[in-house]
Amino acid sequence: MIKVSNVIKTFDGFKALDDISLQVEKGSVYGLVGPNGAGKTTIIKNICGIYTPDCGEIKINNQNVYENTDIKNKIIYISDELFFFSTYSIKDMAKMYSKIYPDWSWERYENMKEVFKIDEKRKVRRLSKGMQKQVAFWLGICTKPDVMILDEPVDGLDPVMRRNVWSLVLSDVAESGTTVLISSHNLRELEDVCDHVGIMFNGKVVLQKSLDDMKGNIHKMQTAFKDEMPQELLNKLEILHSSEFGSVTTMIVKGNAEEIKELVSSYKPLILDILPLTLEEVFIYELGGMGYEFENILL
Amino acid sequence: MSLKTSYFNLPLFKSNLRRFWWIGAGVLLAYLTVALLFLFDEDTSEGFAVMNAVVVGVAGILPAILFSYLNNSGSVTCLHALPVKRKAHFLTNLATVYALILVPAIISYAIGFFYCVLEMPIGIGNLADYFVMLIICATIATSAGTLGSMITGNTIAAIFFAILFFAFPFYAEGVLKGFLSTNVFGIWDVEYYSLDNMSILKANPFMIGWFIVSIIGLIVSWFLYKNRKLETNGDIISFDFLKPVFIAAVSVFAGLIGYFYLNVFFDDSIFLMLPFGILGAVVSYMLSKKAFTIKGIWKPILIYIIFVGAVWGTISFDLTGFERRVPDIADIESIDMVDTDSFINRYHYYTIEGKKYYYDMSIEDYRYYDEEDFKNITAFHKQRIEDRKSGFEKIHIVYNLKNGKTLRRIYSASLIEDREYLEPIYKTEQKLKINHGWLVKEYPVTEIVISDDRLKNDSKNFEILVGDSKKAKLLLDALKKDVSEASYEDIVSYRNSLTQVQISYQRDLIDENGNVFIDESKERTTYDNFGIPKSYVRTTALLTEWGLFDAIYKPNEISCVELEFDYRQEETVRFKNPDEIKEIYDFVSEAKLIQTKEHGYDFNVRLIFLNAQGKRILDFSGSRQTNIPVPRLLSAEINKYKFKYGQNIPKGAIAETYEIY
């Protein structure tokens, strides 16, 4: 379990993290989204014990991470900025990792050869960025981590490899109860894999919920009435957004889907249709009124 | 967790060696080259000194390379995400530096040991001394390099800081002493500690002191690493608390460099520290902020201006009382008072196999203990402070006080104008001993040479052979008597000298504990060189009898004098007028015979004397000097040349002065 409590981090007077708290339960996949500069990488580097927070507390499995090799043995961090020693092949890196990480599994390493299909004798620094990312996953998974922290993990991977990587991550979660924290600026990517999502903006977590809660509480409703939509009904609904096209009104409405359907039906609409929202639509309508630049996370 | 894992990480160590093995190989190659010298050269010390230089260079730069991962966001993130503690990172890198230096060194020294077994000239004791010195040099350089790497997030800056930290003590001492000697009246400005200590192959107290400082430097480096914020990669200064120190240090030293530079063009003033210092403050401020920003820049500039003003006030008004301090006679235990030449003779030492050896002169032999002498010397001291005049002669005064402290001052004086104060001091037994070391004891004289460059070719090296004991004894007896009766004029000047004599004699070399160096194969000859004035009647009579003055070219034997500048033959000026030739001849004779004190190299002149057949018979080269007036006709030609080539003529200069030798 990852627990971040009231963390503040400043760089030259600029508050990169502003009193952040978040919690990632064991065995869950937490997606951290936000535009560039929101503070995602900064909080991740604090969680990994690379940066030290100015104040606040970060614990993994109830222990401080900073300078704690027992905990770090169980964490794998795949950074957006990959680094491998020059002259090192994949096999060389694996040998080094096997001596650093006590739970290293050569069996997994051999199995992963089939997934990644990269010649282990190749120098890592000479591989493309996408292939280097695959190597990072390959090596990371072989350490048998309890916690995986992934910063923009599938950037640069082709669609097939993206699917493979997500599949590996999720099977690790399913089989070993691995806790995963994923940072991304791409909501669509996270929708399929995360069970919890937190959104960051200007150094703050402005919203964090389970995906089910988030999606189950907000709906797109299309309806048409013979005359105008009754004012009484409008007053009863928690409408986040409304638009009209001819006689059809499309609304984003918060609340239980069945209750909304029952309420609207009682006013005898000509048409009533309730549709699920995508994660990005949820974020747009939940937070749209706050003035955040969501175009950056809805690519 | 095991101790081994906690303090040292083998995989990272192996990784370091794997990536940087070629540096170790380069060091080994350099060492083996030195090792080969053992085979062919008996004196291997120079080779070991080269080895130390290699060590210093490599050990200074290696930390910057090994810790360069701290300066890149990607590498620092990946390496510090590993389950490796900071102390393991730090110590593993440090171990790598030593491994890459010491493994090649051990191989080389093993070869050296093998030579010892084969009874080659190098001794095992020397080998051990050299190795200790190598460790010391390596540690000093490693400490400088590591400290440099810790305070910055930029690899270039890390190398720069490594060099700076390594050279800082020498640089700082040099620059500050230069500044103080220019601005503080009477400041003691002796030769300062230099990098030469590195070439001494046996650890001396100075180097051991530096070794201890370097260990402290490594400990400080560790604390810096421990507390370093890893997000500072790319910053010139990685610690906020060091930024003001950085700005202050850059400002002051840029100011001092600027001071010395601008001194060439403007009248001396402490405020010459301002332009470059302010520039330094601006640049260092922007570097520390990582931006071309001027917001808030007024603060370091203002602080620096206040600092310079404070320095100016302190020195101008002698707020410390340094310049006016003259000890009471009752507080003085003894005084050493020597001029430049004597100072050099008395403190000069030789380094033989890493140890310092001095000639067997005892400072007590030349020290003033008499109260009358105290009065004369303090009177001179007070007169210097009152008049603040300068002269050509540098006088060093060292008061050894009864409270165990020492007061050191240097003043310049004119031997002629300040005669009233100097004569009672110069006409003393101590001064006689200083000027003529061969008189102190019955040293074995090995050679007496008339060192007069005007001698005709076939009379060069006009030697009075020591083997010819009768002649030598006659000359020495005559000199002893003449010297002991010398007038003040003869003591302070050789301008009226007829010729010059050099007496070579053997003195024992003693170490700092008074032990005599007994290796007879080593040179222990020294010499005294002095002019023979007309007043040395006994000596002059002997030399005349032996035909010396017939063996010296006379002005009437010279038909032309050629004056060349900077060895440019196309600029040659010729003098053929007998009066002009005589004037130049007299100048050269006089200048040659004067004991010159300082050497300043502005540009070179050369005087070539030709005989009637156009053959070169005498050749004198010279450079600009401060203490000998040049004949008007030479000065005019020199100034013409300097004007033509845009050379700077000092403001208000009445006559240029040159040394001819």
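**A sheet, a buried helix and a chain contact**

Guide: In chain B, strand β4 (residues 393-401) and β5(B) pair in the antiparallel sense over eight bridges. This is a predicted model.

Visitor: What makes β4 and β5 of chain B a pair?
Guide: Pairing requires at least two bridges between the strands. β4(B) and β5(B) have eight bridges. Therefore they count as paired.

Visitor: Which residue stands opposite B:Val398?
Guide: B:Arg408, in β5(B), faces B:Val398.

Visitor: What is the strand order of the open sheet in chain B?
Guide: The order is β1-β4-β5, three strands with antiparallel pairing. The twist from one strand to the next averages 15°.

Visitor: Why are β1 and β5 of chain B called edge strands?
Guide: Each pairs on one side only. They span residues 332-339 for β1(B) and 406-413 for β5(B).

Visitor: Which helix lies across β1, β4 and β5 of chain B?
Guide: Helix α15, residues 371-387 of chain B. Its direction is at about 60° to β1(B).

Visitor: Which residues of helix α4 in chain B are buried?
Guide: Within α4(B), residues 73-81, they are B:Val76, B:Thr77, B:Cys78, B:His80 and B:Ala81.

Visitor: What makes a residue buried?
Guide: The cut-off is 20 or more other C-beta atoms within 10 Å of its own. B:His80 is listed as buried, so its C-beta atom has 20 or more others within 10 Å.

Visitor: What covers the buried residues of α4(B)?
Guide: The cover includes two elements of chain A, α1 (40-47) and β6 (75-78).

Visitor: How many residues does each chain give to the contact?
Guide: Chain A gives 22 residues and chain B gives 21 residues. On the chain A side, α2 (69-72) and α3 (90-100) each supply at least two. The largest share, three residues, is from α3(A).

Visitor: How do the residues of the side of chain A that touches chain B divide?
Guide: Eleven are nonpolar, six polar and five charged.

Visitor: How many helices and strands does chain A have?
Guide: Chain A has eleven helices and 14 strands. Its C-alpha atoms fill a box of roughly 75 × 45 × 30 Å along the principal axes. Of its 299 residues, 38% are buried.

Visitor: What share of the contacts in chain A with a separation of 6 or more joins residues 24 or more positions apart?
Guide: Such residues account for 70% of those contacts.

Definitions and conventions. Residues are numbered from 1 along each chain as its sequence is written. Chains are lettered from A and ligands numbered from 1 in the order in which they are written. This is a predicted model: local features need pLDDT of at least 70, side-chain atom pairs count only at pLDDT 80 or more; totals for chains, interfaces and linings use all residues. Two residues are in contact if their C-beta atoms, placed from the backbone, lie within 7 Å. Helices (H or I, at least four residues) and strands (E, at least two) are DSSP runs, numbered from the N terminus. Ala, Val, Leu, Ile, Met, Phe, Trp, Tyr, Cys and Pro count as nonpolar, Asp, Glu, Lys and Arg as charged, and the others, Gly among them, as polar. A residue is buried if 20 or more other C-beta atoms lie within 10 Å of its own, exposed if 12 or fewer, and partly exposed in between; C-beta atoms are placed from the backbone. Axes are lines fitted to C-alpha atoms, for helices over the stretch in contact, and angles run from 0 to 180 degrees between N-to-C directions.
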